Amino acid sequence: MEKSFGCSYPDVFNTVIVTKDGDIVAGGETQSNDYDMSDVSHNGSTDALLVKYDPAGNTVWKRTCGGSRYEYINGIVELPDGGFVAVGHTDSNIGSHINRGGYDAYIVKTDEDGHVQWGNTFGGSQADYFVAVEYTQRWWIPDRRVFVVQ
């Protein structure tokens with residue numbers, strides 16, 4: 001199977017996972033608001049992008065998130081509740097999180113339909129990035145849920 005996704009401006013998938021149900025979730029960035037992205041809100045110059053496909057390659061949902069400048073998704077993990085955690089970087093002020101200089105590492109949690117439940121940024125005065133994320137359970141952690149990011 002081969003599918004294309006795109007618009008008149010750059011759209012890039014940086015990471016792809018297969019869910020426990022066999023669907024495909026791709027993450028990256030978009031600068032577009034036409035063609036494949038005409039029905040999705042556009043927040044800034046480059047928005048973080050999550051797209052879910054069924055096993056036949058049909059689009060289930062697509063979502064953007066971020067602030068008024070640049071957001072990128074570099075890693076995604078599916079959670080036991082069916083939601084997702086995506087990580088990357090941003091140079092936007094997002095909600096009450098003020099950019100600290102350069103790029104800040106960016107993490108966002110969604111529900112199973114890709115709707116953002118929360119997001120956060122981390123960083124100092126230089127460039128900070130999250131490039132991957134993993135969900136694991138450890139017996140010595142009280143709630144046994146840990147996000148490992150690099």
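Reader: What makes strand 5 and strand 6 a pair?

Author: In this predicted model, strand 5 and strand 6 are joined by seven bridges in the antiparallel sense. Two strands pair if DSSP finds at least two bridges between them, so strand 5 and strand 6 count as paired. One of the bridges sets Tyr72 against His89 in strand 6. The strands themselves are DSSP runs (E, at least two residues), numbered from the N terminus; helices would be H or I runs of at least four residues.

Reader: How many helices and strands does the chain have?

Author: The chain has zero helices and 10 strands. Strand 3 pairs with strand 2 in the antiparallel sense over seven bridges, and Val25 stands opposite Lys52 in strand 3. Six bridges join strand 3 to strand 4, also antiparallel, with Ala48 opposite Cys65 in strand 4. The hairpin of strand 3 and strand 4 has five residues between the strands, and there Gly57 takes a positive phi near 90 degrees.

Reader: What makes strand 3 mostly covered?

Author: Seven of its seven residues are buried. Buried means under 20% relative accessible area, exposed over 50%, and partly exposed in between (1.4 Å probe, protein chains only). Of the 150 residues of the chain, 45% count as buried.

Reader: Why is Lys52 called buried?

Author: Lys52 has 11% relative accessibility, and the limit is under 20%, so Lys52 is buried. Its side chain meets that of Asp23 in a salt bridge (3.5 Å, N to O). The pair links distant parts of the chain, with Lys52 in strand 3 and Asp23 in the loop between strand 1 and strand 2, 29 residues apart. Asp23, at 13% relative accessibility, counts as buried.

Reader: How do you know that Lys20 and Glu78 form a salt bridge?

Author: The term asks for a side-chain nitrogen of Lys or Arg within 4 Å of a carboxyl oxygen of Asp or Glu. For Lys20 and Glu78 the N to O value is 3.8 Å, so the pair meets the rule. Lys20 lies in the loop between strand 1 and strand 2 and Glu78 in strand 5, so the pair ties together parts that are 58 residues apart in sequence. Lys20 is exposed, with a relative accessible area of 54%. By this rule the count comes to four salt bridges.

Reader: What makes Asp81 and Lys109 another case?

Author: Their closest N and O atoms are 3.2 Å apart, and they form a salt bridge. Asp81 lies in the loop between strand 5 and strand 6 and Lys109 in strand 7, so parts 28 residues apart in sequence are tied together. Lys109 counts as buried at 7% relative accessibility.

Reader: Why is Ala127 called partly exposed?

Author: Ala127 has a relative accessible area of 41%, so the value falls between the limits for buried and exposed. Ala127 lies in the loop between strand 8 and strand 9.

Reader: What makes a set of residues a nonpolar core?

Author: The members are buried Ala, Val, Leu, Ile, Met, Phe, Trp, Tyr and Cys residues joined through side-chain atoms within 4.5 Å. The largest such core has 13 residues, and among those that touch the most other members are Leu50, Ile73, Phe84 and Val108. Strands 3, 4, 5, 6 and 7 each give two or more residues to this core. A second, separate core of nine residues includes Leu79, Val85, Ala105 and Phe130.

Notes:
Residues are numbered from 1 along each chain as its sequence is written. This is a predicted model: local features need pLDDT of at least 70, side-chain atom pairs count only at pLDDT 80 or more; totals for chains, interfaces and linings use all residues. Side-chain values use heavy atoms; hydrogens and water are left out.
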